[in-house]
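Here is a short briefing on charged side chains and a pocket. Look over the model before reading on.

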Amino acid sequence: MKTHKAFFHTFLFILFLELIGMWILLIPDEIENIGLIKASHFINSFITLILLVLIFKSLKQPDLLKFKKPEPGYYFIAIILGVGFVFFQSILNIIYYQEISFNYDFTLDHLNSLSVIASIIFVPITEELFFRNYLLRRLLEKNKPIKAIIISSLLFAFIHIPFVSLFFEFMDFSFHHAYIALFGGLIAGISFYKSKSIVPSIIFHVFWNLTSYIS
């Protein structure tokens with residue numbers, strides 16, 4: 001896959017995500033606080049994963065849904081990288097905000113939210129299937145590994161830019177989330193390339209998100 005095609009497919013992925021989430025606009029404002037709304041991220045994430053799997057199946061390319069078992073050591077490395085990356089984010093935050101701050105408040109309270117559960121389970125699987133098992137795999141066919149990993153990581157960071165906040169005054173626009181995602185994407189990309197399997201990058205992503213919510 002060439003770079004311009006990767007950008008186009010990422011745009012389609014973003015459009016795909018937005019279309020899935022549009023069902024929420026059909027719910028009347030007077031009942032906006034019902035449980036269905038609160039569970040919207042969970043519902044959207046689950047639907048996105050299911051539809052992506054169905055799309056990949058329809059393409060009849062077995063490698064898109066292939067969960068090849070890596071060497072055992074990669075499981076351990078992925079967990080360590082996932083947990084460790086959250087603490088490395090403190091260094092990245094110092095660079096980004098130009099101020100020193102190390103604040104950790106470990107708690108399991110956030111894990112009671114359906115939205116958080118979706119971010120820990122469904123989102124990592126969906127994003128790794130698309131950005132590593134599909135996009136990066138195809139980019140590696142036409143590009144050198146370092147270039148392919150950087151391109152896929154930049155596109156992964158791009159979808160984390162909150163463009164929707166530009167249309168709402170109560171939402172703050174920031175590149176911070178995308179900035180962090182760029183480095184997370186690089187780690188996931190290298191894990192995928194080195195292990196020749198999507199499994200370590202999914203494990204890394206799961207523990208990255210999990211640790212972010214409990215720290």
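Both E128 and R132 are buried. Their side chains meet in a salt bridge, 2.8 Å from N to O. The model is a predicted one.

**Salt bridges**
- The count comes to four salt bridges.
- E128 and R132 sit four residues apart in helix α6, so about one helical turn separates them.
- Salt bridges with shared partners join D63, R137, R138 and E141 into one network.
- D63 pairs with R137, with the closest N and O atoms 3.8 Å apart. D63 lies in the loop between α3 and α4 and R137 in helix α6, so this pair ties together parts 74 residues apart in sequence.
- D63 also forms a salt bridge with R138, at 3.0 Å between the closest N and O atoms. This pair ties together parts that are 75 residues apart in sequence.
- R137 is partly exposed, at 22% relative accessible area. R138 is buried, at 10%.

- E127 is found in helix α6, residues 122–142.
- E127 is buried but has no salt bridge.
- The E127 side chain makes a polar contact with the side chain of H205, at 3.4 Å.
- Beyond four places in sequence, E127 touches R132, F156, I159, H160 and H205.

**Second largest pocket**
- The second largest pocket holds about 180 Å³ of space.
- Its lining includes H9, F13, F56, F130 and Y134.
- α1, α3 and α6 each supply at least two lining residues. The largest share, four residues, comes from α1.

Notes: Residues numbered from 1 in each chain as written. Predicted model: local features only at pLDDT ≥ 70, side-chain atom pairs only at ≥ 80, totals over all residues. Heavy atoms only, no water. Buried < 20%, exposed > 50% of the residue type's maximum accessible area, 1.4 Å probe, protein only. Lys, Arg positive; Asp, Glu negative; His and termini not counted. Polar contact = N/O pair within 3.5 Å; in protein donor to acceptor, adjacent residues only side chain to side chain. Contact = heavy atoms within 4.5 Å. 1 Å grid on protein atoms, 1.4 Å probe; cavity = no way out; pocket = protein on both sides within 12 Å on 5 of 7 lines; lining within 4 Å. Points joined across faces, edges and corners; volume = space filled by probe spheres on them.
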